[in-house]
Amino acid sequence: MAFKHRDDIDLLPSYKQGKPAPKSDRHTYKISSNENPFEPLASVKEAIRDDALDFINRYPDMRGWGVVERLAQETGVKSENICLGCGSTEVITQLIQLVAGPDDEIVYPWRSFEAYPIIVATAGATSVQVPLTADGHHDIDAMIAAVSDKTRLVIVNNPNNPTSVPVSDTDARKLLDAVPSDVLVLFDEAYFQFNTDPNTAVAMELFHEYPNVVVAQTFSKAYGLAGLRIGYAVAPEDVVDGMRKVALPFGVSRVAQTAALASLDAYDELNDRVQVIISERQRVLTALREQGWTIPDAEANFFWIQFGEKTTEAEQYFIKAGLSTRVFADEGIRFTVGEAAANDLVIQTCSRLKTVGLLV
Ligand SMILES: Cc1ncc(COP(=O)(O)O)c(C=O)c1O
């Protein structure tokens, strides 16, 4: 850029949005962004029409009290422990802005959610990326070893994006027992509702036991509101106060707040959809494993195949089949569990890949 600006921004990767469905005469599918494949609920659209559309000339309630109080009731914490953000991406951003600046370090697993390095660098802080184990787990001992006097935050991503592998309760407690109690530990649980692992860490339980736990969840995935941008954090009261200071003013629209409340009202219906996605995930994983693929256990609404150097070659077969996937060159491909027809195409294409020698 020709204009005066922060040099460190030049080094930042730009956040890459999942590619749209490939263009073709046939029906094609976008399984690149871990979105919910179901259409918005009629009751949510109605609530937006009845309670939000007529107010779009006004700023929304900046604190989002209606949603905050409802979440407080459901999670058994005080309203003062909850804050909203423009997606959980924004609450994670608020937290990092609050705790870290130049010379401070943030420890997190890698590969993980692509926004972490961008948010950390934007705060002027330093990322300490701890490689995942070969089977996609957080390397908890290495994460503990990476914590230093400079550490201001440790991030746990459960289940981890893109590997979909969960973090166990035992590992989470080991980490929390080792991290100084004045260093916050963020549990990013964007995919919490899809996680059926009986041994998983549950951040809301840990929140009640450890003083330094922050939980981030979102309405984007299980609730299907990705397009409206609303997520939340549960955190100690003084942390919430600090996060509010650095929050984007009026970042969460009334449309989003109304839709979140209507979605909480429709919990049973949405949960039925989550169960469909979980059973589709199981169907695909079973079929692929029967074909001979090595796939780590998946506990989110996506799964991961480590194609290594064959990644970009493999991607072309999925594009030809009408699927846009999330590709990490020379590492692997992340597949969102989508509509049944999209999942069938994944199974068929993997079978084809096997015949051309791309099985991993
Ligand atoms: C691990 C993880 N955390 C947080 C988010 C943020 O989602 P949102 O900002 O839509 O709430 C995502 C989105 O893909 C994610 O994968």
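Okay, quick one today. Keep in mind that this is a predicted model.

Let's start on the outside. Which residues form the nonpolar patch on the surface? That's Tyr59, Met62 and Phe250, and together they come to about 350 Å² of accessible area. Take the tyrosine: Tyr59 sits in the loop that runs between helix 2 (42-51) and helix 3 (65-75). Its relative accessible area is 67%, and the cut-off for exposed is over 50%, so Tyr59 counts as exposed.

Next, the helix pair. We describe two packed helices by the angle between their axes and the distance between the axes. For helix 4 (residues 88-99) against helix 5 (residues 115-122), the angle is about 35° and the axes are 9 Å apart. The crossing of helix 4 past helix 5 is right-handed.

Last stop, Ala233, which you'll find in strand 8 (residues 231-234). Buried or exposed? Alanine 233 has a relative accessible area of 1%, and buried means under 20%, so this one is buried. What does Ala233 touch, leaving aside neighbours within four places in sequence? Its contacts are Asn81, Ile82, Cys83, Val91, Val214, Val215, Ala216 and Met243. And one more pair to look at: Ala233 and Val68 are 165 residues apart in sequence, while their C-alpha atoms are 9.9 Å apart in space.

That's my tour, thanks.

How values were computed
Residues are numbered from 1 along each chain as its sequence is written. This is a predicted model: local features need pLDDT of at least 70, side-chain atom pairs count only at pLDDT 80 or more; totals for chains, interfaces and linings use all residues. Side-chain values use heavy atoms; hydrogens and water are left out. Patches are made of residues with over 30% relative accessible area and no salt bridge: like charges are joined within 9 Å, nonpolar side chains (Val, Leu, Ile, Met, Phe, Trp, Tyr) within 5 Å. Accessible areas come from the Shrake-Rupley method with a 1.4 Å probe; for residues, only the protein chains shown count as cover. A salt bridge is a side-chain nitrogen of Lys or Arg within 4 Å of a carboxyl oxygen of Asp or Glu. Helices (H or I, at least four residues) and strands (E, at least two) are DSSP runs, numbered from the N terminus. Buried means under 20% relative accessible area, exposed over 50%, partly exposed in between (1.4 Å probe, protein chains only). Axes are lines fitted to C-alpha atoms, for helices over the stretch in contact, and angles run from 0 to 180 degrees between N-to-C directions. A crossing is left-handed if the near helix is turned anticlockwise from the far one by less than a right angle, and right-handed if clockwise. Contact means heavy atoms within 4.5 Å.
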